[in-house]
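Hi,

Here is the structure I promised to pass on.

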Amino acid sequence: MTAAARSILVVEDENVVSMDLRASLERLGYTVTACVGTGRQAIDSAESDRPALVLMDIHLRGNMDGIEAADHIRRKLDLPVIYLTAFSDDATLKRAQITEPFGYILKPFDERELHVIIEMALFRHGAQKEHEKLLTEQAARAAVEKERQWLQFLARAGERLSASLDLKVTLQEVAALAVPGLADWAVVHLRDEEGVRPIVVRHVGGREALVWEILRRYPAGAQVPHGYSHVMRTQQPELLPHITDEVLVASALDDEALRLLRTLGLRAQICVPLVVRGEAFGALTLAISDSNRNYGPGDVDHAMELARRCASAIDNARLYEEAQQAVALRDEFLSVASHELRTPLTSLVLALQSIERSLARLGDEKIVTKFARIVQQSGRLTELVERLLDVSRLSAGNLDIEVQETDLAQLVQDVAARFEEEARRAGSVIQVSTPPALIGWWDRVRLEQVLTNLVGNALKFCAGKPVELTVDERGGRVILAVRDQGIGIPKATISRLFERFGRGVSMRNYGGLGLGLYVTRQLVETHGGRIQVESQPGERTSFVVDLPRDSRKSR
Amino acid sequence: MNTSAPAGRVLVVEDDRAIRDEIADLLHERGYQVMQAEHGQQALDQLQTGELPCVILLDLMMPIMDGWVFRTAQLRSPQIAEVPVVVLTGGGDAAVQARNLGAAGYLRKPFQVEALFRIIEGHCGPGS
């Protein structure tokens with residue numbers, strides 16, 4: 001043992017005893033740092049010399065007695081104290097005991113006894129310090145481990161939260177991650193139209209049913225000063241490191257509730273609000289009941305981090321759901337609108353065509369021509385209504401094609417014939433090139449729609465020059481092409497040509513609700529085909545559709 | 001075609017009056033006899049009178065009794081089950097509906113006069 005490890009401070013106001021003690025101690029091999037006679041001196045000396053041990057007479061002269069001085073020395077300096085006493089009454093001894101001395105020596109002292117008690121005190125003190133050090137190290141390691149667990153949990157929870165938009169599933173996964181690693185209980189409350197309700201409950205031992213029951217029967221009212229409703233109101237986290245019975249009493253709405261709460265055996269709890277855009281729409285509660293651990297401020301910080309991520313994920317999920325609902329609502333509206341519009345159109349079209357036939361019999365050229373235009377416009381209206389329905393169905397993913405045996409050559413001829421009049425008016429002509437017949441399996445109505453769209457567009461921008469419409473077969477596939485020598489399409493527009501609704505999208509999409517080419521491409525692709533466009537501005541444009549012979553297989 | 005019925009009689013089942021009137025006018029001009037019903041129940045009543053048409057033009061969405069319910073009732077009744085039905089509908093899945101109902105054809109609203117004449121002629125022959 002070093003000299004310092006064997007240094008002793010003697011506090012004794014009787015000189016003779018003091019000198020005697022010093023002599024004995026030095027004989028035993030200890031170093032005496034000082035011999036003082038008052039409590040004040042004892043404290044000062046202990047502070048400056050830091051002996052390994054203090055021998056303290058209980059009764060000292062002055063205002064401070066040995067017990068007071070010893071108490072100060074023990075608490076502030078953590079030095080072991082042994083009391084010297086000739087005689088003391090019970091009251092004094094009781095006071096002395098509280099200061100947790102390392103022993104008593106009765107005066108007059110026996111040198112051997114002195115030696116033993118001092119050695120035992122030094123040993124015990126040393127052992128105590130070792131133990132404390134060990135505990136500190138263990139605590140430090142446990143803290144590091146807990147930190148590691150939190151970070152791992154947050155990382156995993158973060159992944160889950162961003163991976164799924166199904167809120168309930170995600171929250172259950174997050175709760176599963178928290179239990180038992182970080183808590184014995186995990187509960188998530190969320191606000192919906194009906195109020196704040198528990199969405200997820202998880203327990204390490206599977207006792208979820210009990211908590212569901214409690215939460216169902218006793219939803220927390222505004223008067224409960226703890227837990228999820230309190231935290232949502234204040235938007236501040238709450239840490240209850242030791243859940244006392246008072247807390248339970250304050251949280252219970254009646255005796256039965258209190259009884260149930262007590263059976264849970266909650267020892268500590270963290271509750272954090274889920275806040276988005278300044279609004280608290282839920283709360284996350286982590287609690288300890290079964291296991292032997294604690295919650296501290298560091299845990300609250302981590303829980304807040306988790307709460308932030310949960311809140312953000314929940315917000316995303318809700319926005320997504322709202323967006324989906326909005327789209328569904330829009331599509332339903334379009335579908336209904338399309339349907340509603342058809343009714344007056346039906347009788348209108350029939351009436352117009354009926355009158356057209358009568359007018360033809362009257363033979364008045366002017367009226368007949370004018371009326372033809374009216375009929376044509378009603379045809380356009382019909383087409384627009386069809387496009388409305390297409391949009392809603394495309395969006396819902398159920399634009400189904402009805403594949404049947406079709407002669408594409410015949411179809412192309414029919415379409416060309418229908419556009420003859422319009423071509424003439426545009427100062428153009430449609431040059432058709434087809435084999436005598438080209439049988440395949442397609443949706444005739446839809447392909448007619450595609451051709452009508454492409455030829456109609458070509459005529460709008462053909463600048464008086466001929467439009468070429470060709471179809472032929474190449475290696476098991478069918479190639480349909482519509483070529484014009486008109487104003488062409490600027491490069492910048494080509495890339496967005498087949499998109500819908502775009503402003504600044506090519507004029508070729510104009511006049512059809514901005515959908516023509518978009519729908520055309522969807523229809524071609526649903527057939528298992530491809531459509532491509534090539535254009536030289538000011539010179540020409542060609543649209544080429546590549547289709548399989550049999551579209552039944554591409555579905 | 002139902003041989004016990006005189007050729008040239010058409011039953012139009014459609015709740016919208018304007019559409020019904022137009023179809024009736026056109027068919028009448030063409031030389032067909034036209035029976036009219038506003039909904040499925042009226043159609044069944046008409047068919048009970050014993051005068052069978054050569055084809056039924058059947059709207060699907062009607063109040064009181066819609067096209068589906070009418071068709072089911074028609075098929076359960078041997079005297080009228082054989083009369084062919086042509087579905088009138090604005091729905092995008094017209095062909096599917098027609099197939100499900102075992103219809104002889106369909107007309108998608110709004111449809112052309114020529115298409116109407118073609119399909120009637122197919123079942124009833126040319127008008128007188």
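Which elements of chain A each supply at least two residues of the lining of the second largest pocket? They are α6 (167-178), β6 (185-192), β7 (195-203) and α11 (297-362). Before you read too much into any of this, bear in mind that it is a predicted model.

Staying with that pocket for a moment: the second largest pocket holds about 370 Å³ of space. It is lined by 15 residues, and those closest to its centre are A:L167, A:L190, A:D192, A:R318 and A:E321. The largest share of the lining, 5 residues, is down to α11(A).

Next, the interface. Chain B and chain A bury about 1,700 Å² between them, and 58% of that is on carbon and sulfur atoms. On the chain B side, B:E22, B:P110 and B:V113 account for 29% of the area that chain B buries against chain A, more than any other three residues. In terms of head count, 22 residues of chain B and 17 residues of chain A take part in the contact.

As for specific interactions across the interface of chain B and chain A, there are 6 residue pairs in polar contact, both at pLDDT 80 or more, and 1 salt bridge. The side chains of A:R357 and B:E114 form a salt bridge, at 3.2 Å from N to O.

Looking at where chain B's side of the contact comes from, α1 (17-30), β5 (105-108) and α6 (113-124) of chain B each give two or more residues to it. The largest share, 7 residues, is from α1(B). Sorted by class, the side of chain B that touches chain A has 11 nonpolar, 7 charged and 4 polar residues.

Leaving aside residues up to four places away in sequence, A:H226 touches A:E238, A:L240, A:V247, A:A250 and A:S251. With one of these, A:E238, there is a polar contact from side chain to side chain at 2.8 Å. Also, A:H226 and A:L248 are 22 residues apart along the chain, with their C-alpha atoms separated by 9.1 Å.

Cheers

Conventions
Residues are numbered from 1 along each chain as its sequence is written. Chains are lettered from A and ligands numbered from 1 in the order in which they are written. This is a predicted model: local features need pLDDT of at least 70, side-chain atom pairs count only at pLDDT 80 or more; totals for chains, interfaces and linings use all residues. Side-chain values use heavy atoms; hydrogens and water are left out. Contact means heavy atoms within 4.5 Å. A polar contact is a pair of N or O atoms within 3.5 Å; within protein, one must be able to donate a hydrogen and the other to accept it, and residues adjacent in sequence count only if both atoms are side-chain atoms. On a 1 Å grid over the protein atoms alone, a cavity is a set of points where a 1.4 Å probe fits but cannot get out, and a pocket is an open set with protein on both sides within 12 Å along at least five of seven lines; lining residues have an atom within 4 Å of a point. Grid points are joined across faces, edges and corners, and a volume is the space filled by probe spheres set on the points. Helices (H or I, at least four residues) and strands (E, at least two) are DSSP runs, numbered from the N terminus. Buried area is the accessible area (1.4 Å probe) that two parts lose on being put together, summed over both. A salt bridge is a side-chain nitrogen of Lys or Arg within 4 Å of a carboxyl oxygen of Asp or Glu. Ala, Val, Leu, Ile, Met, Phe, Trp, Tyr, Cys and Pro count as nonpolar, Asp, Glu, Lys and Arg as charged, and the others, Gly among them, as polar.
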